[in-house]
Amino acid sequence: QVKFVESGGGLVQPGGSLRLSCVASGFIFSDYSMNWYRLAPGKERELVASITGHSIVTYYTDSVKGRFTISRVNDNSTLYLQMLDLTPDDTAVYYCKTAYSGPDFNVWGQGTQVTVSS
């Protein structure tokens, strides 16, 4: 079945950086656009970045443009999010998921906690 396992979060000071990873399984990874989402306390889940199957097109929400980079390695079914110049507003649990949300793909991993604090 479809599964996502996120890792790489942690506690960092403002201005710091982190690289998140997501290992996907249960489907042909290269066939699907992939998204990173985040969920902060008291807020709705937010789409942070997206990348098409062969990395031709990427999307970033305005608040992370120029600081975050989404990438993927299809041979390893792995999605990445490089995050630079982090701010407290980036504090959230980060999740990866296919952009497609059909019945078998409506699955969320456990997420990885990112906390930006001095």
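Let's start with strand S8, residues 78–83, which is mostly covered: five of its six residues are buried. Buried here means under 20% relative accessible area, with exposed over 50% and partly exposed in between (1.4 Å probe, protein chains only). Strands, for their part, are DSSP runs of E at least two residues long, numbered from the N terminus. Keep in mind that this is a predicted model, where local features need pLDDT of at least 70 and side-chain atom pairs count only at pLDDT 80 or more, while totals for chains, interfaces and linings use all residues. Residues are numbered from 1 along each chain as its sequence is written, and side-chain values use heavy atoms, leaving out hydrogens and water.

So who are the partners of S8? Strands of a sheet pair through backbone hydrogen bonds, either parallel or antiparallel. Two strands are called paired if DSSP finds at least two bridges between them. Strand S3 (residues 18–25) runs antiparallel to S8, joined by six bridges. Along that pairing, Leu20 sits opposite Leu81, and Leu18 faces Met83. Strand S7 (residues 68–73) also pairs with S8 in the antiparallel sense, over six bridges, with Arg72 and Leu79 as bridge partners. The S7–S8 hairpin has four residues between its strands, and Ser77 there takes a positive phi near 50 degrees.

Step back and you get an open sheet of four strands in the order S1-S3-S8-S7, with antiparallel pairing. Its edges are strand S1 (3–7) and S7, each pairing on one side only. From one strand to the next, the twist averages 15 degrees, taken from axes that are lines fitted to C-alpha atoms, with angles running from 0 to 180 degrees between N-to-C directions.

Now for another set of strands. S4 (residues 34–39) and S5 (residues 46–51) run antiparallel, joined by five bridges, and Asn35 stands opposite Ser50. In their hairpin, with six residues between the strands, Gly42 takes a positive phi near 80 degrees. S5 also pairs with strand S6 (residues 58–60), antiparallel over three bridges; Ala49 has Tyr60 as its bridge partner. The S5–S6 hairpin has six residues between the strands too, and Ser55 takes a positive phi near 65 degrees.

Finally, look at Lys97, in strand S9 (residues 92–98). What lies around this side chain? Its contacts (heavy atoms within 4.5 Å) include Phe4, Met34, Asn35 and Trp108. The backbone oxygen of Phe105 lies 3.2 Å from a polar atom of the Lys97 side chain.

Definitions and conventions. A polar contact is a pair of N or O atoms within 3.5 Å; within protein, one must be able to donate a hydrogen and the other to accept it, and residues adjacent in sequence count only if both atoms are side-chain atoms. Lists of a residue's contacts leave out its neighbours within four places in sequence.
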